[in-house]
Amino acid sequence: MLKTIYPITKNILGKGQSVSLLLARLTVAYGFYEPAMQKWSDISSVAEWFGTLGIPFPTLNAYLAASTELLGVVLLTLGLFTRLISLPLMVVMVVAITTVHLTHGFSAGDNGFEIPLYYLLFLALFASLGAGKFSLDHLLFGEEQ
């Protein structure tokens, strides 16, 4: 019976993949917006903070992180070069987890790595699945997912 139900269910639910990818992209893009704008509003303070965290070349890395996040907002929203922008955003999340959040444990309520981990996982999905049909990637490059 399950062998009959599973393919039917997969066929029905699979039709929502592009809508799910669109909503996930927009949500992740929105999540990067405020941190990017905060970094750009006082980039010198961010560079100083990065220095206290032991991040090498703190000024350069503050500009790189802020630029990557802001570019990620635009590209994820448009669904343009989604697979490509997901990779540097994943690096930003790994750095955030290892330098800021890891020592606080898992819980988001304790500034733990829970939320950055979720972003990292969503970005891994975008890197592997693409942007979906509701994207400029699909319009320009004909990607099926």
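**View 1. Aromatic pairs and the F106–F113 ring pair.** Six aromatic pairs are found when the whole structure is searched; rings of Phe, Tyr and Trp (its six-membered ring) pair if their centres lie within 6.5 Å, and planes under 30 degrees apart count as stacked, over 60 as edge-to-face and the rest as tilted. F106 and F113 form an edge-to-face pair, because their ring planes stand at 80 degrees with the centres 5.3 Å apart. F106 is partly exposed at a relative accessible area of 41% (buried means under 20% relative accessible area, exposed over 50%, partly exposed in between; 1.4 Å probe, protein chains only). The model is predicted: local features need pLDDT of at least 70, side-chain atom pairs count only at pLDDT 80 or more, and totals for chains, interfaces and linings use all residues. Residues are numbered from 1 along each chain as its sequence is written, and side-chain values use heavy atoms, with hydrogens and water left out.

**View 2. The F122–F126 ring pair in helix 6.** The ring centres of F122 and F126 are 6.4 Å apart and the planes lie at 40 degrees, so this pair is tilted. Both residues belong to helix 6 (residues 114-129), four residues apart, about one turn of the helix; helices (H or I, at least four residues) are DSSP runs, numbered from the N terminus. F122 is partly exposed at 36% relative accessibility, whereas F126 is buried at 1%.

**View 3. Buried residues of helix 4.** The buried residues of helix 4 include A62, A65, G72 and L76. The buried residues of this helix pack against helix 2 (17-41), helix 3 (43-52), helix 5 (82-101) and helix 6, where contact means heavy atoms within 4.5 Å. Just after helix 4, G79 adopts a positive phi of about 70 degrees.

Definitions and conventions: Helices (H or I, at least four residues) and strands (E, at least two) are DSSP runs, numbered from the N terminus.
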